[in-house]
Each structure stands twice: as structure tokens, then as C-alpha cells.
Amino acid sequence: MTPDFQPWPEVMGTLSKEHTEVRALLSRVGEAAGRGDATEAAWQITAGRDLLSGGLDEHIRVEDDELFPAIAGALGEGITGAFAEEHVRIRRLRDEVVAGATASALPLAACLELCDLLESHTVREDEMLFPAARQALEG
Ligand SMILES: [Fe+2]
């Protein structure tokens with residue numbers, strides 16, 4: 001299936017559902033990290049490791065390699081490029097935080113940064129990028 005023939009509304013619906021799941025996890029992590037409870041934050045990260053590792057990688061792959069190329073022409077490469085750059089930052093922070101949690105040495109500042117960035121990034125995708133993409137792909 002080439003990107004042009006994807007059922008984009010369903011794809012974006014699935015991506016938004018995954019955003020909700022990762023935000024729920026990161027809100028538990030951020031709540032613990034915010035009060036300095038590295039043990040609880042690390043436990044939450046470890047419990048959600050599948051979502052944060054393979055799940056997040058596949059989610060980002062669909063956005064970067066399938067959705068963004070299909071909408072970049074209509075919305076502008078600057079816009080999709082900015083989201084793709086944030087994916088690089090998100091994965092870098094995710095790697096640092098998951099490795100720290102696994103080694104019982106959670107980097108709290110990086111953990112809080114990841115929580116804030118993922119919250120703001122996914123909300124901007126859901127509320128700005130995807131609605132604009134739906135409009136562009138329909139038109
Ligand atoms: Fe994204």
C-alpha cells in the first residue's frame with residue numbers, strides 16, 4: 001500500500017488514541033517525578049516500557065514515514081519537519097530515561113522534560129496538525 005492510498009482518518013484516529021495512552025502513562029510518571037519520587041517514576045516507566053519503547057518507535061515511524069510525507073506538500077515541510085525534529089528529541093530523552101529507570105538511576109530532570117515535551121507535542125498533533133491534515137487530505 002502506498003502512502004497515497006492509506007485510510008488517513010483511521011490512521012490519525014489510531015495515532016490520537018495512542019497519544020492518549022502515552023499521555024496517561026506520562027502523567028503518572030510526571031506526577032511521581034514532580035514530587036521527587038524517582039522510585040515510583042522509575043516503576044511507572046518500567047511498567048510502561050513496551051508502550052515507551054517499541055510502541056513509541058512504531059508510532060513515530062508511522063508519523064515520520066507515512067503520514068508526514070502524505071501531508072507535507074499541503075501543510076508545508078516546515079511544519080511536518082518541526083514535528084519530526086521533536087520526534088528525535090523525544091526518542092533521545094526516552095532512551096536516556098528508560099536506561100536510567102532500568103539502572104535504578106532515573107534522571108529526574110530528563111524525565112520531567114520528556115513528560116512536558118510528549119504532552120505538548122501530542123496535544124499539538126491532535127489539536128492542530130491532524131485537523132489541518134484531515135482538511136488537506138479531504139480537499
Ligand atoms: Fe508525533
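The protein contains five helices and zero strands, where helices (H or I, at least four residues) and strands (E, at least two) are DSSP runs numbered from the N terminus. The structure is a predicted model, in which local features need pLDDT of at least 70 and side-chain atom pairs count only at pLDDT 80 or more, whereas totals for chains, interfaces and linings use all residues. Residues are numbered from 1 along each chain as its sequence is written, and side-chain values use heavy atoms, with hydrogens and water left out.

Along the sequence, the elements of the protein follow the pattern α-α-α-α-α. The radius of gyration of the protein is 16 Å, close to the 14 Å given by the globule rule for 139 residues, so the protein is as compact as a globular protein of that length. This radius is taken over C-alpha atoms, and the globule rule is 2.2 Å times the number of residues to the power 0.38. Taken along the principal axes, the box filled by the C-alpha atoms is roughly 50 × 25 × 20 Å.

Of the 139 residues in the protein, 41% are buried; buried means under 20% relative accessible area, exposed over 50%, and partly exposed in between (1.4 Å probe, protein chains only). The accessible surface comes to about 7,200 Å², and 55% of this surface belongs to carbon and sulfur atoms. Accessible areas come from the Shrake-Rupley method with a 1.4 Å probe, and for residues only the protein chains shown count as cover. Among contacts with a separation of 6 or more, 76% involve residues 24 or more positions apart, a contact being heavy atoms within 4.5 Å.

Two residues illustrate the local arrangement. Gln6 is placed in the segment before α1 (8-34). Gln6 has a relative accessible area of 17% and is therefore buried. A polar contact (2.8 Å) joins the side chains of Gln6 and Glu66; such a contact is a pair of N or O atoms within 3.5 Å, and within protein one must be able to donate a hydrogen and the other to accept it, while residues adjacent in sequence count only if both atoms are side-chain atoms. Gln6 and Asp64, 58 residues apart in sequence, lie 14 Å apart in space, C-alpha to C-alpha.

Gly81 belongs to helix α4 (residues 77-102). With a relative accessible area of 24%, Gly81 is partly exposed. Between the C-alpha atoms of Gly81 and Phe68 the distance is 8.4 Å, at a sequence separation of 13 residues.
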